[in-house]
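Good morning, and thank you for coming.

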Amino acid sequence: MGERKKIVTIPGDGIGPEIVREARKVLDKVCEKYGHTFHYEDILMGGCSIDAYGVPLTEEALATAKAADAVLLGAVGGIVGRDSWYELPPNLRPEAGLLAIRKGLGLFANLRPAKLYSELKEACPLREASADAGFDLVVVRELTGGLYFGDRKTEEVDGVLTATDTLVYNENEIRRIAVKAFETARKRRKKVTSVDKANVLDSSRLWRKVTAEVAKDYPDVELSDMLVDNCAMQLVKDPSQFDVILTENMFGDILSDEASMITGSIGMLPSASLAEGSFGLYEPSHGAAPDIAGKNLANPLATILSAAMLLRYSFDMDAEADAVEAAVAQVLKEGYRTGDIFSEGCTKVSCSEMGDLVCERI
């Protein structure tokens, strides 16, 4: 007997509606194949919500999202022809909806995979040996604490303008993100690299202590510690050594962007933001690309892979997630490409054609 689940979809702005449509197509195919039932409900967020309600996210939309089992998001914002959204105060701009939904849904863990598909290795900016070795890692970043959320002030001290930002973490915040990292590693290659600056920072020393305690509950997962500056170097030297990288908010912000850049194709990268329990919000790492919106040119693969993450992390449907990821790999192997990842000798396809091709291979 299949499972019944409720998914809130947020098509959003720009190419969002097109890529979410293709991801839903793939999820429907999974239902058909595995006997599940997914019920969808759309909500507005971002620029489209500003146009309709004057705010980037309404209380009603947030309440609808909270009542779901998981949320799938396309993209919000974009500039082309819509400067009016960015004349608004920051708290009313499209991206403010993203911050509000993360906070409202209690999303404290951000998972950003970076995988180099052998078919796309030409796009990898690293030397050939690194590209040939390939890599498949995920950065697990703490999303609601640390330097970005601590007290901050700018004041005059003895006649000199002085700015202060505070980096605060307590052991509970560290423990819950560490648990997410170890649980993620269990679904992968069972290796966690915890990244900190413990040679300098007190917060990092606590991070290291608590992570080591959590590791005792996961004897099947290997834990190693690495300083953040070394990690930044190792990512460009030999990314294949990493499986799960666990780190705090600011380090994670920087390292996850570095990890996505070394794949060379941002149109391929999914992401997940998780709450306590199994709830999560899933979205592609790329933006709304307003210049190609409505033209059926967008690459839906990052959103389709985000839907695979939804199956894996919120619904615990590993076989179904594997099937979607294998279908994406197969389509690439057969030489089908959207414009952003196209190279000579491949077959160029539209956004909707790419969605159909993935469905056919599940």
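Buried means under 20% relative accessible area, exposed means over 50%, and partly exposed lies in between, with a 1.4 Å probe and protein chains only. The model is a predicted one, in which local features need pLDDT of at least 70 and side-chain atom pairs count only at pLDDT 80 or more, whereas totals for chains, interfaces and linings use all residues. Residues are numbered from 1 along each chain as its sequence is written, and side-chain values use heavy atoms, with hydrogens and water left out.

Let me turn to the salt bridges. A salt bridge is a side-chain nitrogen of Lys or Arg within 4 Å of a carboxyl oxygen of Asp or Glu. The structure holds 29 of these salt bridges. One of them joins R188 to D243, with the closest N and O atoms 2.8 Å apart. This pair links distant parts of the chain, 55 residues apart: R188 is in the loop between helix 6 and strand 8, and D243 is in the loop between helix 8 and strand 10. Helices (H or I, at least four residues) and strands (E, at least two) are DSSP runs, numbered from the N terminus. R188 is partly exposed because its relative accessible area is 23%, whereas D243, at 1%, is buried.

R175 is partly exposed at 28% relative accessibility, as is E213 at 29%.

Helix 6 (residues 171-186) also contains K180. Leaving aside neighbours within four places in sequence, K180 is in contact (heavy atoms within 4.5 Å) with F108, A109, L274, A275 and G277.

I come next to the aromatic residues. Rings of Phe, Tyr and Trp (its six-membered ring) pair if their centres lie within 6.5 Å; planes under 30 degrees apart count as stacked, over 60 as edge-to-face and the rest as tilted. By this rule the count is 3 aromatic pairs. Y169 and W207 form an edge-to-face pair, because their ring centres are 5.5 Å apart and their planes stand at 70 degrees. Y169 is in the loop between strand 7 (160-165) and helix 6, and W207 is in helix 7 (residues 202-215). Both are buried, Y169 at 9% relative accessibility and W207 at 2%. F182 and Y218 are stacked, at 5.2 Å centre to centre and 20 degrees between the planes. F182 lies in helix 6 and Y218 in the loop between helix 7 and strand 9, so the pair ties together parts 36 residues apart in sequence.

Finally, helix 8 (residues 228-237) has V228, C231, Q234 and L235 as its buried residues. Seen down the helix axis, these residues fall within an arc of 110 degrees (taken from the directions from the axis to the C-beta atoms), so they line one face of helix 8. On the other side of helix 8, M233 and K237 are exposed.
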